[in-house]
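Please keep the sequence and the structure in view while reading.

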Amino acid sequence: MSEGAVVQRYAQAIFELGLEAGDLASLTEQIRTMADQWQASRELQVALEDPVVDDARRQALLSEVAERLQIRGTALGALRVMCQRRRLAALPGLARELTRLSDEHHGVLRASVATATALPQQYYATLTNRLESVTGKKVVLEKQEDPSLIGGVVLRIGDTIIDGSIRGRLNQLERRLLAGAAAATDDDDLDPRVA
């Protein structure tokens with residue numbers, strides 16, 4: 001079974017368990033926490049995926065990490081099943097898909113805004129309010145600083161990117177100039193007067 005299919009299957013099952021138990025938000029957050037820990041620790045990945053380590057030791061290690069991260073109940077049960085079936089490598093994808101399902105269920109839209117420097121809180125509040133009025137959903141805005149933008153903002157909502165940065169404008173100008181230069185060169189090749 002492909003990792004994408006594994007992610008879909010586990011995310012859907014965990015989503016339904018969360019709905020049934022009435023703790024979808026908490027469950028999603030716990031899975032995200034474990035996925036973050038998984039991605040941050042190569043040692044954890046190696047220890048939980050090593051075929052030489054027996055299942056009892058892997059489960060004990062998983063329980064230890066889960067206790068430290070305050071992961072309990074349904075989330076811990078799901079992680080134990082994934083560990084037993086050696087599917088923990090799918091954890092980052094699972095966390096993203098479970099977050100997507102949970103956000104969709106709760107009417108939440110995640111967006112990110114990148115700016116060259118931090119802007120006043122009022123700017124972010126106004127942007128959030130405008131996005132909420134346009135989309136009709138609750139917007140969770142992630143703020144990022146990227147000095148390479150020079151100025152302006154880059155807004156990402158799902159797969160849509162709105163680039164209002166100076167860097168983006170300069171790149172767009174460069175593409176136009178190169179396209180114009182290429183078109184002029186092609187026209188010269190066709191003109192018999194140009195030798």
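What is the order of the strands in the open sheet of 4 strands? The order is 2-1-3-4, and the pairing is mixed. The edges are formed by strand 2 and by strand 4 (160–163), each of which pairs on one side only. Strands, like helices, are DSSP runs numbered from the N terminus, with E and at least two residues for strands, and H or I and at least four residues for helices. Two strands pair if DSSP finds at least two bridges between them. On average, neighbouring strands of this sheet are turned by 20° against each other, direction ignored.

The model is predicted: local features need pLDDT of at least 70, side-chain atom pairs count only at pLDDT 80 or more, and totals for chains, interfaces and linings use all residues. Residues are numbered from 1 along each chain as its sequence is written, and side-chain values use heavy atoms, with hydrogens and water left out.

Strand 1 (residues 108–115) pairs with strand 2 in the parallel sense over 8 bridges. Along this pairing, Val 108 stands opposite Lys 138, and Ser 112 stands opposite Glu 142. Strand 1 is mostly covered, since 7 of its 8 residues are buried; buried means under 20% relative accessible area, exposed over 50%, and partly exposed in between (1.4 Å probe, protein chains only). Helix 7 (residues 121–135) lies across strand 1, strand 2 and strand 3 (153–157), and runs at about 140° to strand 2. Such angles run from 0 to 180 degrees between N-to-C directions, and axes are lines fitted to C-alpha atoms, for helices over the stretch in contact.

Glu 142 belongs to strand 2 (residues 138–145). Its relative accessible area is 45%, so Glu 142 is partly exposed. Not counting residues up to four places away in sequence, Glu 142 touches Ala 111, Ser 112 and Val 113, where contact means heavy atoms within 4.5 Å. The side chain of Glu 142 also makes a polar contact with the side chain of Gln 144 (2.8 Å). A polar contact is a pair of N or O atoms within 3.5 Å; within protein, one must be able to donate a hydrogen and the other to accept it, and residues adjacent in sequence count only if both atoms are side-chain atoms.

Among the helices, helix 2 (residues 24–40) and helix 3 (residues 42–49) have axes that come within 5 Å and cross at roughly 100°. The two helices are therefore roughly perpendicular to each other, the term for angles of 65 to 115 degrees. In this contact, Met 34, Gln 37, Trp 38, Gln 39 and Ala 40 of helix 2 meet Arg 42, Leu 44, Gln 45, Leu 48 and Glu 49 of helix 3.

Helix 2 also holds Thr 28. With a relative accessible area of 3%, Thr 28 is buried. Leaving out residues up to four places away in sequence, Thr 28 touches Leu 98, Thr 99 and Ser 102. Gln 59, in helix 4 (residues 55–68), likewise counts as buried, at 15% relative accessibility. Apart from neighbours within four places in sequence, Gln 59 is in contact with Arg 80, Cys 83 and Gln 84.

Terms used: Parallel < 35°, antiparallel > 145°, perpendicular 65-115°, else oblique.
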